[in-house]
Amino acid sequence: MRKTLAIISAILIFFTVSCSDNYDFEDRIIVFKGEFASKPYITALANENYYMDFSLFYDGQIISNILATDGNIIESRSEINGSASHTIFIDGATYFLDDENKVYFKADVSSEEGLRGIIDYSKCKYIGSGKEDILIGNGYNYDEFSCKTVYGEDCTVRIFTEENGEIAAIVDSMGEDSVERDIAYFSYDIPDGWLSIPKDYTLVDEETFFEIYYGDER
């Protein structure tokens, strides 16, 4: 269970941080210059303000994830092979939650190793558009951006859209490695009940958390 939680968090949050002379600030909000199909989505990613339901294929497994972020607060609810992970990053700390038993613990990881990720979408620069086949189908239109990781490394981002303009997928690439996130739902509005730890949840230490999680299976 410990390993599963760590793997899910590491994979899913790897690409979640916000892609500069290609945008302006309006009331402290990043607004990208130019007109291209994915402009609303790259703007949301750069400003770290969105709610997104997506899946990805990694190491032979399909991982499902719902992610919400509003500035310095990020929440991820994910599932892989029946194992669930619910994580929230608040005030520089990462917390794991057990929704069934309503307990949570503060993880022993730094903010840079937790939910922040390494792709800096605020450094994105639009470099062109095209059409390409992806895992969910053929002939999807995309906008491509050059970007940087939080460590200053070069990377690229392609945002694929449907014919009606809705986002279909995000592909982040660094060198020969890439990850495709297939988007089931994307919104600029975050539902009630997200981005905070419920008041009726109890803070416990890590050992107690896993004892409760396993219960009679231990």
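E132 sits in strand β9 and is partly exposed, with a relative accessible area of 33%. In this predicted model, E132 belongs to a network of salt bridges together with E144 and R158.

- R158 and E132 meet through their side chains in a salt bridge, 2.7 Å from N to O.
- That pair ties together distant parts of the chain, since R158 is in strand β11 and E132 in strand β9, 26 residues apart.
- R158 also meets E144 in a salt bridge, this time at 3.4 Å, N to O.
- Here the link runs between E144 in strand β10 and R158 in strand β11, 14 residues apart.
- Both E144 and R158 are buried.

**Another salt bridge**
- Across the whole structure, a search turns up eight salt bridges.
- One of them joins the side chains of K102 and D200, at 3.0 Å from N to O.
- K102 lies in the loop between β7 and β8, while D200 lies in the loop between β13 and β14, 98 residues apart.
- K102 is partly exposed at 39% relative accessible area, and D200 is partly exposed too, at 46%.

**The sheet and its helices**
- 12 strands make an open sheet with mixed pairing, running β9-β10-β11-β12-β13-β3-β4-β5-β6-β7-β8-β14.
- β9 (119–134) and β14 (202–203) are at the edges with a single partner strand each, so one side of each has no neighbour in the sheet.
- Within the sheet, β11 (residues 154–161) and β12 (residues 167–174) pair in the antiparallel sense over six bridges, and T161 stands opposite I167 in β12.
- Helix α2 (residues 39–47) packs on the sheet, where its contacts include β3, β9 and β10, and its direction makes about 150° with that of β9.
- Helix α3 (residues 206–214) packs on the sheet as well, touching β7 (93–98) and β8 (103–106), with its direction at about 150° to that of β8.

**On the surface**
- The accessible surface comes to about 11500 Å², and 44% of it belongs to carbon and sulfur atoms.
- F57, I62, L135 and I136 make a nonpolar surface patch of about 450 Å².
- F57 is in strand β3 and counts as exposed, with a relative accessible area of 53%.

- P191 is in the loop between β13 and β14, and it's partly exposed at 35% relative accessibility.
- Although P191 and A68 are 123 residues apart in sequence, their C-alpha atoms are 8.9 Å apart in space.

How values were computed. Residues numbered from 1 in each chain as written. Predicted model: local features only at pLDDT ≥ 70, side-chain atom pairs only at ≥ 80, totals over all residues. Heavy atoms only, no water. Areas by Shrake-Rupley, 256 points an atom, 1.4 Å probe, with all protein chains shown as cover. Pairing = 2+ DSSP bridges. Helix = DSSP H or I, 4+ residues; strand = E, 2+ residues; numbered from the N terminus. Contact = heavy atoms within 4.5 Å. Axes fitted to C-alpha atoms, helices over the stretch in contact; angles between N-to-C directions. Buried < 20%, exposed > 50% of the residue type's maximum accessible area, 1.4 Å probe, protein only. Patch = residues over 30% accessible without salt bridge, like charges linked within 9 Å, V, L, I, M, F, W, Y side chains within 5 Å. Salt bridge = Lys/Arg side-chain N within 4 Å of Asp/Glu carboxyl O.
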